[in-house]
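Reader: I'm new to this one and would like a close look at a single part of it. Could you take me through it slowly, and then show me what else is there?

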Amino acid sequence: MADPLFQRLALIGIGHIGASIALAARRAGVVGEIMVSTRSPATLRRAEELGLGDRYFAEAADAVRDADLVIVCVPVGASGDVAKLIGPHLKAGAIVSDVGSVKVSVMKAMAPHLPSAVRFIPGHPLAGTEHSGPDAGLVDLFQNRWCVLTPAESVDRAAVDKLMAFWRALGANVETMSAEHHDLVLAITSHLPHLIAYNIVGTASDLESGIRSEVLKFSASGFRDFTRIAASDPTMWRDIFLANKDAVLEMLGRFNEDLAQLTRAIRTGDGDTLFELFTRTRAIRRSIVAIGQDTAAPDFGRRATEDPKA
């Protein structure tokens, strides 16, 4: 772009998502300058070695001065502390957003510490891998993925439109919804699947050593892909489940009821019930492929360049 959407972007946290934003924003030309801040000196050094930003700061307060757009890329449990640190140093008119997988708790944690002169627009890019750290940044991570924004009704619409344009430039599809609706939807589409993956892999790890070694050796695609999900960042997912516990527990209750029905069907030899469910879920999978959110390739949508042993 001849004129970037934002002159200065401040990224607070430079892990997998923050690094991907930096790479994608640079390629799209939507920012003039990128400020990077993280608490870890080693991570900050690595971000500089990778050239993810233009300037690097140990203190978040220093990074946000004069920034037009600030994106907080930390675990949701730390978002309130970050807002408290940067609040007094934000310039009037700046847009403040985040990338957390939970929105109601993040809004409650951050909003009290942000001055009224800034535009707070929480966000959640529905993209990511199980890898973490600045080396895990991917320039095309957001391509054809959804980014959900949950602005309060009082937020200036022009600011919302500008942030939507930013994410679209990074390749994302963008939609707005209420924070409450977001958390309920993500509880079933993201949080519960992660919880199930963590539990299945945890069950396998508790098996007797002989069985456990064979489970690992003969991992079929289903269990193998569960382990990929279960390899996600422990701190981030601990915070997500605690922050969105009401919605997760509601969906977990529904899941347990359906699981009990399947248990009865297997015990009683009710093949019709099993066949009906498997037919319905197969159609859902095909719908996801049809709308471009995954591929029908037998590699479960993994990149062709990925190490198959990873």
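Where is Ala 136 found?

Author: Keep in mind that this is a predicted model. Ala 136 is found in the loop between strand E7, residues 123-125, and strand E8. Its relative accessible area is 11%, so Ala 136 counts as buried, the cut-off being under 20%. Leave out the neighbours within four places in sequence, and Ala 136 is in contact with His 16, Ser 20 and His 131.

Asn 144 isn't a glycine, but it has a positive phi of about 60°. With a relative accessible area of 32%, Asn 144 is partly exposed. Asp 66 has a positive phi as well, of about 70°, and again it is not a glycine. You'll find Asp 66 in the loop between helix H3 (60-64) and E4. Asp 66 is partly exposed, at a relative accessible area of 46%.

Now for the inside. In soluble globular proteins, nonpolar side chains tend to be buried together. Here the largest nonpolar core has 38 residues, and Leu 9, Ile 21, Phe 166 and Trp 167 touch the most other members. Several elements each supply at least two residues of this core, among them strand E1 (6-12), helix H1 (16-28), strand E8 (146-149) and helix H6 (157-169). Take Trp 167: setting aside its neighbours within four places in sequence, Trp 167 is in contact with Ile 21, Pro 125, Phe 142, Cys 147, Leu 149, Ala 172 and Val 174. Apart from this core lies another, of 33 residues, including Val 64, Leu 114, Ala 179 and Ala 187.

The axes of H7 and H11 come within 9 Å and cross at roughly 65°. That makes H7 roughly perpendicular to H11, and the crossing is right-handed. On the H7 side the contact includes Ala 187, Ile 188, His 191 and Leu 195, while Met 251, Leu 252 and Phe 255 are among the H11 residues. Sort the residues of this contact by type and you get 11 nonpolar, one polar and two charged.

H7 (residues 179-205) has another partner in H10 (residues 234-243): those two pack at an angle of about 120°, with their axes 11 Å apart. That makes H7 oblique to H10. This crossing is left-handed. Ser 190, His 191, His 194, Leu 195 and Tyr 198 in H7 meet Trp 237, Ile 240 and Phe 241 in H10. By type, the residues here are five nonpolar, three polar and no charged.

Last stop: H11 (residues 245-268) packs against H12 (residues 271-290), at about 135° and with axes 8 Å apart. H11 and H12 are therefore oblique to each other. Gln 261, Leu 262, Ala 265 and Ile 266 of H11 make the contact with Thr 273, Leu 274 and Leu 277 of H12. Five of these residues are nonpolar, two are polar and none is charged.

Key
Residues are numbered from 1 along each chain as its sequence is written. This is a predicted model: local features need pLDDT of at least 70, side-chain atom pairs count only at pLDDT 80 or more; totals for chains, interfaces and linings use all residues. Side-chain values use heavy atoms; hydrogens and water are left out. Axes are lines fitted to C-alpha atoms, for helices over the stretch in contact, and angles run from 0 to 180 degrees between N-to-C directions. Helices (H or I, at least four residues) and strands (E, at least two) are DSSP runs, numbered from the N terminus. Angles under 35 degrees count as roughly parallel, over 145 as roughly antiparallel, 65 to 115 as roughly perpendicular and the rest as oblique. A crossing is left-handed if the near helix is turned anticlockwise from the far one by less than a right angle, and right-handed if clockwise. Contact means heavy atoms within 4.5 Å. Ala, Val, Leu, Ile, Met, Phe, Trp, Tyr, Cys and Pro count as nonpolar, Asp, Glu, Lys and Arg as charged, and the others, Gly among them, as polar. A nonpolar core is a set of buried Ala, Val, Leu, Ile, Met, Phe, Trp, Tyr and Cys residues joined through side-chain atoms within 4.5 Å. Buried means under 20% relative accessible area, exposed over 50%, partly exposed in between (1.4 Å probe, protein chains only).
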